[in-house]
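Here are a few notes to read alongside the model. Have it open while you go through them.

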Amino acid sequence: MLEACHERVQRTLALLARLRAHVRQHGADEDARQAARDVLRYFDIAAPLHHEDEELHVFPLLLAQASSDVQTLVQQLQQDHLAMTADWAAARVPLLALVDATDAAAAPFTPGDDAALDRFAQRYADHIAAEEGTAYPAALALLAPATLAAMGQEMASRRGAR
């Protein structure tokens with residue numbers, strides 16, 4: 001389930017990249033506003049749930065039972081979550097402005113907006129690589145199949161799924 005969330009993150013980051021290119025070429029038209037709404041919805045709702053899943057299920061296990069190298073990585077991943085929250089707060093400002101734009105010819109993202117969006121996307125990409133390359137395999141090696149299934153069920157139930 002966690003890797004599936006990463007796939008959705010990557011798809012949404014790709015949408016954000018396409019949105020930025022679209023805005024440079026076409027301005028704040030309805031397609032741009034809808035894409036901005038989609039990006040906002042994902043990172044406002046789903047991404048925090050994903051981070052909560054990791055903080056509740058993966059990180060404690062690794063901090064308690066993994067090697068010291070993995071424990072150090074987990075501490076960095078926890079710091080990433082805090083930084084990603086701050087990065088998102090900055091990145092969502094120009095997206096909200098785009099959603100509220102009433103003039104399709106509105107100015108495209110400023111250099112500061114671009115920097116905030118770049119920082120947000122890059123931190124996510126680096127974070128996913130560290131989790132999928134090291135943290136998740138280490139957690140899988142420590143988890144019994146029944147425990148893994150129970151974790152997945154708990155994650156789904158917090159989202160209202162069965």
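1. Start with helix 1 (residues 2-26): with 25 residues at 1.5 Å each, it should span 36 Å, and its end C-alpha atoms are 35 Å apart, which agrees. The expected span is 1.5 Å times one less than the number of residues. Helices here are DSSP runs of H or I, at least four residues, numbered from the N terminus.

2. Before going on, a caveat: this is a predicted model, local features need pLDDT of at least 70, side-chain atom pairs count only at pLDDT 80 or more, and totals for chains, interfaces and linings use all residues. Residues are numbered from 1 along each chain as its sequence is written, and side-chain values use heavy atoms, with hydrogens and water left out.

3. Which residues of helix 1 are buried? Among them are Leu2, Cys5, His6, Val9, Leu16 and Arg20; buried means under 20% relative accessible area with a 1.4 Å probe, protein chains only. Their cover includes helix 2 (30-65), helix 3 (68-100), helix 4 (111-142) and helix 5 (145-158). After helix 1 comes Gly27, with a positive phi near 80°.

4. Now the largest pocket: its lining includes Met1, Leu2, Glu3, Tyr136 and Met155. A pocket is an open set of points on a 1 Å grid over the protein atoms alone, where a 1.4 Å probe fits, with protein on both sides within 12 Å along at least five of seven lines; lining residues have an atom within 4 Å of a point. Helix 5 gives the largest share of this lining, four residues.

Technical notes:
Helix = DSSP H or I, 4+ residues; strand = E, 2+ residues; numbered from the N terminus. Buried < 20%, exposed > 50% of the residue type's maximum accessible area, 1.4 Å probe, protein only. Contact = heavy atoms within 4.5 Å.
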